[in-house]
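Let's take a walk through this model together. Have the viewer open and follow along as we go.

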Amino acid sequence: MDRAAVPLPRQRTAPTGQARKRRPKREREGAAWVFLSPWVLGAAVLTLLPMAVSLYLSFTDYDLFDPPSWVGLRNYTQMFTEDPRLLRSVLNTLLYVVVAVPLQLALALAVAVALKSMKRGKGFYRSAFYAPSLLGASMSIALVWRALFNDGGTVDNLLGSLGIHTGGWVNRPGWALLSVALLTVWQFGAPMVIFLAGLQQIPKELYEAASVDGAGRWRQFLSITLPMLSPVLFFNLVLQTIQAFQVFTPAFAVSGGRGGPADSTLFYTLYLYDRGFTASHMGYASAMAWVLLIAIAIVTAVLFRTSRSWVFYANEEGR
């Protein structure tokens with residue numbers, strides 16, 4: 001038999017350099033998608049799909065029992081032209097944001113500055129001040145808060161012993177919203193920890209140089225601490241503002257879910273809950289949810305826009 005007629009076994013060619021690089025890249029991408037798939041699946045099923053359904057329901061009349069019927073923009077026009085309680089809820093929410101967020105950030109910054117200068121026990125006090133942030137959002141703490149500020153509660157009795165008779169805060173329209181705001185201010189632990197981390201990043205040489213020049217503590221706070229801490233302050237401001245617009249549990253607990261007295265604690269999310277689950281106007285509640293989303297986006301964009309004039313970034317030239 002002629003050896004030249006026998007077919008030789010096919011030899012494998014060595015992979016080129018590009019093929020060697022492409023295969024590991026594909027393997028890495030595949031592994032990345034395997035690990036990301038639970039998050040992607042959860043975001044699609046638990047976030048994007050409900051948002052799409054909510055957007056559709058906002059253009060319908062839906063009572064949770066009968067099939068939704070398409071009404072176009074009627075829910076949105078009704079919100080701005082035929083619902084005075086909606087306007088009251090918007091005003092209450094804006095007043096709450098304006099009062100609660102600055103007070104909470106100011107208290108968090110003051111405590112963070114005090115903790116930074118402490119030599120001993122810093123870890124204990126940091127944990128003690130952070131604990132209300134873990135407990136404050138719960139319904140049980142909100143109910144305790146209502147008992148404290150109710151007529152005959154601890155705060156009322158304490159003020160009464162000093163000759164100040166309030167008759168309870170949660171039963172008076174002028175004081176009920178303030179009691180809810182104080183409950184939020186009390187949860188200053190999370191922004192305090194962020195402020196404390198930011199204070200640790202400020203170089204000590206700046207304070208030493210300012211001391212040599214004769215600057216006091218207040219001047220150092222205004223000229224060094226606040227400018228160097230402005231990115232952290234901006235982060236906390238955006239985060240707490242968004243959370244304040246969505247406040248629900250304290251108002252629900254303090255007012256018993258009705259927004260009273262005299263709608264003084266009728267916040268936007270509480271009224272949204274009332275329209276959706278108490279009055280069974282789910283289409284109207286969906287429209288309210290989308291208006292709230294757009295409002296928060298606008299406020300956040302305004303904060304980012306104004307931050308260019310007061311937030312200092314050390315790596316930016318000319319600032």
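We'll begin with confidence, then turn to a pair of helices, and end with a few loop residues.

First, keep in mind that this is a predicted model. Averaged over the chain, the pLDDT is 85, and 89% of the residues reach at least 70. If you go element by element, helix α13 (residues 282–306) comes out with the highest mean pLDDT, at 95, while helix α5 (residues 139–149) has the lowest, at 75.

Now find helix α3, which covers residues 84–116, and helix α10, which covers residues 217–245. Their axes come within 10 Å of each other and cross at roughly 140°. Angles over 145 degrees would count as roughly antiparallel, so at this angle α3 is oblique to α10. The crossing itself is right-handed. What does each helix bring to the contact? From α3 you get T93, L94, Y96, V97, V101, Q104, L105, L109 and V113. On the α10 side, the residues are F221, L226, L229, N236, L237, Q240, T241, A244 and F245. Sort the residues of this contact by type and you count 13 nonpolar and 5 polar, with no charged ones.

Next, head over to the loop between α11 (249–255) and α12 (268–278), where you'll find S264. Is S264 buried or exposed? Its relative accessibility is 3%, and anything under 20% counts as buried, so S264 is buried. Who are its partners? Setting aside the neighbours within four places in sequence, S264 is in contact with R88, N92, P173, A176, L177 and G259.

D263 is not a glycine, but it has a positive phi of about 60°.

Conventions. Residues are numbered from 1 along each chain as its sequence is written. This is a predicted model: local features need pLDDT of at least 70, side-chain atom pairs count only at pLDDT 80 or more; totals for chains, interfaces and linings use all residues. Side-chain values use heavy atoms; hydrogens and water are left out. Axes are lines fitted to C-alpha atoms, for helices over the stretch in contact, and angles run from 0 to 180 degrees between N-to-C directions. Helices (H or I, at least four residues) and strands (E, at least two) are DSSP runs, numbered from the N terminus. Angles under 35 degrees count as roughly parallel, over 145 as roughly antiparallel, 65 to 115 as roughly perpendicular and the rest as oblique. A crossing is left-handed if the near helix is turned anticlockwise from the far one by less than a right angle, and right-handed if clockwise. Contact means heavy atoms within 4.5 Å. Ala, Val, Leu, Ile, Met, Phe, Trp, Tyr, Cys and Pro count as nonpolar, Asp, Glu, Lys and Arg as charged, and the others, Gly among them, as polar. pLDDT is the predictor's confidence in each residue, from 0 to 100. Buried means under 20% relative accessible area, exposed over 50%, partly exposed in between (1.4 Å probe, protein chains only).
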